[in-house]
Amino acid sequence: METFEIIDREAVWRYNESGDDLGMDWAAESHPVGGNWASGPGGLAFDSGLTFPVGTTLTNPLSNSPRVVTYYFETDFELTEAQAAGVLAMSLDYAVDDGAVFYLNGVEVERVRMPAGPITASTLASSGLGNAEFSGLVEVAIPPGAVVPGTNRFSVEVHQNSTG
């Protein structure tokens with residue numbers, strides 16, 4: 001089995017921190033930079049107490065009125081035909097505060113500290129953290145055909161566990 005990196009920690013991500021409700025199918029399409037979508041290198045965060053470098057500093061959550069529950073992130077990556085044909089799993093190493101749902105080409109592949117059932121922009125994470133820390137490698141099975149040769153998109157919605 002071949003292993004290769006598809007998204008490094010400094011990859012450029014598009015993100016929306018406006019608090020807008022993008023709908024439950026938001027990850028099914030790509031969002032160009034403009035309007036409420038910006039871009040910047042990872043890690044993307046607002047916190048000075050993190051144990052990893054921040055490439056893009058997000059808006060201080062305490063300055064948002066009303067408070068933002070859900071933040072949206074997406075990045076694209078390329079796969080050759082041979083790579084796409086052989087993808088069986090992904091190993092994720094993430095730092096999330098508080099909960100998140102991960103998508104590959106619009107298909108949910110993982111949840112972290114999120115309740116079961118449909119997720120909306122107002123869904124709160126099921127628990128909170130003081131500061132985000134890296135998860136260590138988490139292996140996620142990828143359904144056959146979930147990746148394609150050429151451009152693929154990895155999307156993440158991050159949810160706070162309270163509006164305070």
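Reader: Which elements does the chain hold, and how many of each?

Author: Happy to start there; this is a predicted model, where local features need pLDDT of at least 70, side-chain atom pairs count only at pLDDT 80 or more, and totals for chains, interfaces and linings use all residues. Residues are numbered from 1 along each chain as its sequence is written, and side-chain values use heavy atoms, leaving out hydrogens and water. Helices (H or I, at least four residues) and strands (E, at least two) are DSSP runs numbered from the N terminus. From that end the order is β-β-β-β-β-α-β-β-β-β-β, which comes to one helix and 10 strands.

Reader: How many aromatic pairs does the structure hold?

Author: Rings of Phe, Tyr and Trp (its six-membered ring) pair if their centres lie within 6.5 Å; planes under 30 degrees apart are stacked, over 60 edge-to-face and the rest tilted. By that rule, the structure holds six.

Reader: What parts do Trp26 and Tyr72 tie together, and how far apart are these in sequence?

Author: The two rings are edge-to-face, 4.8 Å centre to centre with 70° between the planes. Both Trp26 and Tyr72 are buried (under 20% relative accessible area with a 1.4 Å probe, protein chains only; exposed is over 50%, partly exposed in between). Trp26 lies in the loop between β1 (12-16) and β2 (38-41) and Tyr72 in strand β5 (residues 70-79), so the pair ties together parts that are apart by 46 residues.

Reader: Which residues form one aromatic cluster?

Author: Here the rings come from Trp, Tyr and Phe residues. The cluster is formed by Trp13, Tyr94, Phe102 and Phe154.
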